[in-house]
Amino acid sequence: SDRSANATHEVINATLHTTLAATTKLVVPTPAKPILPVQTGVQAQQEEQSSGMTIFFSLLVLAICIILVHLLIKYRLHFLPESVAVVSLGILMGAFIKIIEAQKLANWKEEEMFRPNMFFLLLLPPIIFESGYSLHKGNFFQNIGSITLFSVFGTAISAFIVGGGIYFLGQADVIYKLNMTDSFAFGSLISAVDPVATIAIFNALNVDPVLNMLVFGESILNDAVSIVLTNTAEGLTRENMSDVSGWQTFLQALGYFLKMFFGSAALGTLTGLISALISFLNFGDIVHIDLRKTPSLEFGMMIIFAYLPYGLAEGISLSGIMAILFSGIVMSHYTHHNLSPVTQILMQQTLRTVAFMCETCVFAFLGLSIFSFPHKFEMSFVIWCIVLVLFGRAVNIFPLSYLLNFFRDHKITPKMMFIMWFSGLRGAIPYALSLHLGLEPIEKRQLIGTTTIIIVLFTILLLGGGTMPLIRLIDIEDSKARKRNKKDINLSKTEKMGNTIESEHLSELTEEEYEAQYIKRQDLKGFMWFDAKYLNPFFTRRLTQEDLHNGRIQMKTLTNKWYEEVRQGPSGSEDDEQELL
């Protein structure tokens, strides 16, 4: 009995030991996040001085670029896209700074170097949000299926073709050898299109609005998809994938991409819908929020919601760019129509101004990087990359267009396909992503950066400059625009934005007018019908006649106040007043 009792005790002790060991494994706390060291004293002062000089240099470059754009508008140099002019100015400024540094008169190396973190935290979010917020124009939602196919599947096709081509050419010792993940990362970042010059030409020549929306809409969603694909490749690079098969690597990358894409899109959509509801919450006598009566608070709330999804998404390891894009689309479609007329105009003009300044800053630093970036140039690598980029764009556009034509009422013609292929310009995002890649050794990072800069300049200068002659050659422009004199063509995006307020984006539909214009229409199908029937009435506030009356009084009061201040100005005179009237 003693032996059996001892054996029982041993079994119990062994069981307890095993249970405690397993429990200990389960309850081991995750290590706390390391607290970043806080700089103090002389080190903090030096960092503050360095940041101050960087801010000063960036603002100085931006001010010079604004003066350049003003001169383009003043002297009516409308044939020259502003992006091309700003990049050219950046190149000249870079050469001038290089000469100064060679003469040892000054040292601006740290200030003129573009910092990727500044781009992703400060410059890119306003650009992406303004792009999504401007998608109210045209028939974006009527072409949402085609745009999504081009921007998601088309971008993935292009990334795989460019990345796969670079990998296999490297294995064959034709070009510089990159591993699979690095090749895919470069293929993903170089697949981000930015047809700023092309869109300006489309607007100037009044090309088919469907072609305009397909190119514009694809470029907006394509940026976010390209960033997510690049982050996916970077994530695979950071992990040890040596013991994982190719199929497992593909499934892991696919799962990461789907999580980032749909998770970020859902977060951005939810944030946009919350912003639509919070502008007119009404819970009886308990809570009644109507920020329309105080436009300053209303505008402040909209600015908060404009940046909120980016910070939240990045904080929970999602894509802030994808989140802020979908938030902008939703806020444009729903929230904007709940705002007072004053706030609607403020949102339009503020977003345009901030996005213009951010884009101009990036294009200027792109030109500066010609001289400030440490380059590694290989002719064979550059030539093959350009060939693969053009081929990947073709495999993206032509097969998908033919596939979509089986389901579209408004067909994508071969001429439109060719223009879409030709308009695949590269811009600010590939350049910033190339600097953000943490590739080792350093020569590999320099090679990717140099090649990206060359491809961006090649597409902007050659393809962007050749778009207008190509459109005229294949006769795709509108018949009315064809009769215009060439001198009337205006490629200045800034002048058009500054001279107009988009009245179609100012909501002045009452309940009865909305029902007559949308609900009773028989041509609405799919999401458009569901949105008009259920979503739009729930998330937007229909104006009453009293709201319209109050809004017009508010605008009239502000106009009269401005006019009184003008009359009381030091330079005012009766002649000026008569001219103003």
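Residues are numbered from 1 along each chain as its sequence is written, and side-chain values use heavy atoms, without hydrogens or water. In this predicted model, local features need pLDDT of at least 70 and side-chain atom pairs count only at pLDDT 80 or more, while totals for chains, interfaces and linings use all residues.

**Salt bridges**

The structure holds four salt bridges, each being a side-chain nitrogen of Lys or Arg within 4 Å of a carboxyl oxygen of Asp or Glu. The table gives some of them, including the pair Asp182 and Lys444.

| Pair | Closest N to O distance |
|---|---|
| Lys177 and Asp173 | 3.8 Å |
| Asp182 and Lys444 | 2.8 Å |

Helices here are DSSP runs of H or I, at least four residues, numbered from the N terminus. Both Asp182 and Lys444 are buried. Buried means under 20% relative accessible area, exposed over 50%, and partly exposed in between, with a 1.4 Å probe and protein chains only. Lys177 is partly exposed at 45%, and Asp173 is exposed at 61%.

**Nonpolar cores**

A nonpolar core is a set of buried Ala, Val, Leu, Ile, Met, Phe, Trp, Tyr and Cys residues joined through side-chain atoms within 4.5 Å. The largest core has 120 residues, of which Phe119, Ile166, Phe186 and Phe381 touch the most other members. Helix H9 (residues 209-238) gives the largest share of this core, 14 residues. Another core, of five residues, lies apart from it and includes Leu273 and Val330.

**Aromatic pairs**

There are 12 aromatic pairs in the whole structure. Rings of Phe, Tyr and Trp (its six-membered ring) pair if their centres lie within 6.5 Å; planes under 30 degrees apart count as stacked, over 60 as edge-to-face and the rest as tilted. Tyr307 and Tyr310 are a tilted pair, because their ring centres are 5.5 Å apart and their planes are at 55°. Both residues lie in helix H11 (residues 295-315), three residues apart. Tyr307 is partly exposed at 35%, whereas Tyr310 is buried at 5%.

**Ser434**

Ser434 is found in helix H16 (residues 428-436) and is buried, with a relative accessible area of 1%. The side chain of Ser434 reaches the backbone oxygen of Tyr431 at 2.6 Å.

Definitions and conventions: Helices (H or I, at least four residues) and strands (E, at least two) are DSSP runs, numbered from the N terminus. A polar contact is a pair of N or O atoms within 3.5 Å; within protein, one must be able to donate a hydrogen and the other to accept it, and residues adjacent in sequence count only if both atoms are side-chain atoms.
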